Amino acid sequence: MPRASTFRILRLAALAFILLVIIYKITNPSSLTALSRAAGYHERASSKPGPEQQAAVPSDDKPTESAKEEVKSEEKPAADVTTTTAPVDEGKDYVRANATFVTLARNVDIWSLVKSIRHVEDRFNRKYHYDWVFLNDDDFDDNFKEVTSSLISGNVKFGKIPKEHWGYPDWIDQEKAAEVREQMRQKQVIYGDSVSYRHMCRFESGFFFQHELMKDYKYYWRVEPDIILHCDIDYDVFKFMEQGGYDYGFTLSLYEYIETIPTLWKSVKKFIQEHPEHIAEDNLMNWISDDNGITYNKCHFWSNFEIGNLDFWRSPAYSDFFDFLDYEGGFFYERWGDAPVHSIAAALFLPKDKVHFFDDIGYWHVPFTNCPTNKEDRLRLKCSCNPFDNFIWKGYSCTPRYYDVMKMKRPSEWHEQS
């Protein structure tokens, strides 16, 4: 056979082989990964640390490192309202509770926040379509509004915080406050030198429930950026709170950093002496104190997750309490967080049967996890959490103490996760 004919046949055979490979790749997409690995190409692992690698943060965590320190606000809250979606899974005639999600956020939080929104919508709100209120000390930009509105199935509202709710009150000595921040910076107290963090804690303690956009609601669920809901929520938690007569619900509890609240309990005891009429009978004093109120044991509910009754925060008892603490100055002269403030108030001003622990809501906020204790619940709710990561029964958790004070029977598998 002539040499030219041989080369022509080889070229045709090669072309035929290439065409066969292309057809195979198109009709078998999964083969592309195998072929790339065989050729020595590998996907680069993400450099983002997982939950177990991230550093612990204080209980009332909110701002990111990039959060702005400057304070911007206006006299009247600005609000925009977007579309609403009628309930689907629960039927057209389903009547929701008077409730909303609420999130304090800034424009820079958007890509951390969308993950939280998707978890809440996918695990719960796609069935119920509750509203969502976003609050900011500055104006929300169009991107924040468009992205969040596209993900949420209920009404979406955007509000700006008035300046008197995000700034120094007249009675605060700002030079003294600055000296305290520097001292905390030198001691490496987390967020100890942050101005915006203190404004956030004061706002969450005393003002979020007073905002114009929150006034028409009775119940709220607080949602933070970068949280995970590990399990399906197969009931309406707002209706559960309403029908059960609960005023405060939590998933995680732990001990506060004493460096941030050295004189908080001293102020609380002064308030109790001045306002004994606000202390509820059969309260949770024994949960927050080991000696019937002489000292504070630092137990508090982790307020980055809260489901509560707004009427409680608007009550005379809590209004008097917050005003008293505000004039004490500890939000700025120390670093009082909204978590211990809320927790002490709920423990003292509510009967203990008004406080509920949501064991069945699988929840993660760096670095702690609430994973339903019993396997049966985890399977039924399609949970994605590792039960051995469950913080509830660990030594730094205050929830076992809550079980003891409430005289509740512990779940059968608790000892395996302690």
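Begin by selecting cysteine 371 and cysteine 385, both of which are buried in this predicted model. Their sulfur atoms lie 2.1 Å apart and form a disulfide, and the torsion about the S-S bond is about 80°, so this disulfide is right-handed. Cysteine 371 sits in the loop between β13 and α14, while cysteine 385 belongs to the loop between α14 and α15, 14 residues apart.

Next, select cysteine 231 and cysteine 383, which form a disulfide with sulfur atoms 2.0 Å apart. Here the S-S torsion is about 115°, so this bond too is right-handed; because cysteine 231 lies in the loop between β6 and α7 and cysteine 383 in the loop between α14 and α15, the pair ties together parts that are 152 residues apart in sequence.

Then move to cysteine 299 and cysteine 398, joined by a disulfide with an S to S distance of 2.1 Å, whose torsion of about -85° makes it left-handed. Cysteine 299 is in strand β9 and cysteine 398 in the loop between α14 and α15, and both residues are buried.

Now display the open sheet of 3 strands, ordered β6-β12-β13 with antiparallel pairing. Strands β6 (228-229) and β13 (368-370) stand at its edges, each with a single partner strand, so one side of each is left without a neighbour in the sheet. Within it, leucine 229 stands opposite tyrosine 363 in β12.

Finally, turn to the largest nonpolar core, of 104 residues, where Phe134, Trp221 and Phe238 are among those touching the most other members. Helix α13 (residues 338-349) gives the most to this core, with 7 residues. Apart from it lies another core of 5 residues, including Cys231, Cys371, Cys383 and Cys385.

How values were computed
Residues numbered from 1 in each chain as written. Predicted model: local features only at pLDDT ≥ 70, side-chain atom pairs only at ≥ 80, totals over all residues. Heavy atoms only, no water. Pairing = 2+ DSSP bridges. Helix = DSSP H or I, 4+ residues; strand = E, 2+ residues; numbered from the N terminus. Core = buried A, V, L, I, M, F, W, Y, C linked by side-chain atoms within 4.5 Å. Buried < 20%, exposed > 50% of the residue type's maximum accessible area, 1.4 Å probe, protein only. Disulfide = S-S within 2.5 Å.
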